[in-house]
Amino acid sequence: TTHFKGMPGSNCTQATGFSLMGFTEDQATRVTLFLLFLLAYLVTILGNLGMITLIRASPLLHSPMYYFLGNLAFVNLCTSTIITPRMLVGVLLGKKGITYARCTAQVFTFGLFVVTECFLLAAMAYDRYVAVCHPLLYPLAMSPERCSRLVAGSYLLGLANGVAQTIGMSSLSFCSSSTISLFFCDISLLISLSTSDTTLSLVILRTSSSLLGVPSMLVVLVSYVAIISTILSISSAEGRHKAFSTCASHLTAVSTFYGALIFMYLIPRSDTSRAGDKWAAVLYTVVTPMLNPFIYSLRNQEVKEAWRRLTKIK
């Protein structure tokens, strides 16, 4: 269906920027949110940089799973950095304006890193599937060359999505009074604000969701169905626990990330029922990047041992 909302310039001035909707107008609440988001951002930076440094420095962690995890930490760092600093300024100072150029840059970079993360999580699910279901084939199936291709492919597919969403945005026109009901520039909300024909943007958005988002979720889903089936067939309780513990961290991270994305982009609803979008967006742009290093390290004996050896703690 073509969504046509009138020619640009007929009843409005063409937009050179947008207004981002804040969380609240109450000053005390804004200060509290600023401190919480600032703390989350600092923990995100330290946690993900720490994870990358530890993986690079420790020979114990030079395996496919940690190679993927290092790239995931880098992507989390980037996702958080393109969203959170601008949000902090908005929350503390009440500055809601964002230029058209910066908004386009957010659409491109967010489109790039969110799809890259989807495929990195899918690659990690495949890695766990091979480790649990076909352990004898693991060295061959997860060779350094295969892992490098999976990571490079994740970034290339992310780049393709970023470019596609930017092309979609460039075909849209907006009135100067446009307000985005979120704390960053999200392409789905920009499409709903457009005063021009949105056919191309909608086709790009739906095509990328179908060709990129859905397959990566299916890889995760099929991998975990096979993993759980294999774990249940293990006779000893200790064996089942050991097999499941290798997947628990990744399953937690996947559930949080995909749960928020499904809520935001795949559940159809009217514009009036989008009240939860802001907090779902906080979940995958602020909370998930902060929690991932802890999810993967707190119950992970290899990471703890690598940290002990690196810091010479006996």
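How are α3 and α9 oriented to each other: roughly parallel, roughly antiparallel, roughly perpendicular or oblique? They are roughly parallel (an angle under 35 degrees; over 145 is roughly antiparallel, 65 to 115 roughly perpendicular, the rest oblique).

1. Basis. This is a predicted model: local features need pLDDT of at least 70, side-chain atom pairs count only at pLDDT 80 or more, and totals for chains, interfaces and linings use all residues. Residues are numbered from 1 along each chain as its sequence is written, and side-chain values use heavy atoms, without hydrogens and water.

2. Overall make-up. The protein chain has ten helices and three strands (DSSP runs: H or I of at least four residues, E of at least two, numbered from the N terminus). From the N terminus the order is β-α-α-β-α-α-α-β-α-α-α-α-α. Of its 314 residues, 47% count as buried (under 20% relative accessible area with a 1.4 Å probe, protein chains only; exposed is over 50%, partly exposed in between).

3. The helix pair. The axes of α3 (residues 100-133) and α9 (residues 277-297) come within 14 Å and cross at roughly 30°. Axes are lines fitted to C-alpha atoms over the stretch in contact, with angles from 0 to 180 degrees between N-to-C directions.

4. Their contact. F110, E117, L121 and M124 of α3 meet Y284, T285, T288, N292 and Y296 of α9 (heavy atoms within 4.5 Å).

5. Salt bridge. One is counted (a Lys or Arg side-chain nitrogen within 4 Å of an Asp or Glu carboxyl oxygen). R128 and D127 form a salt bridge at 2.8 Å, N to O. Both R128 and D127 are buried.
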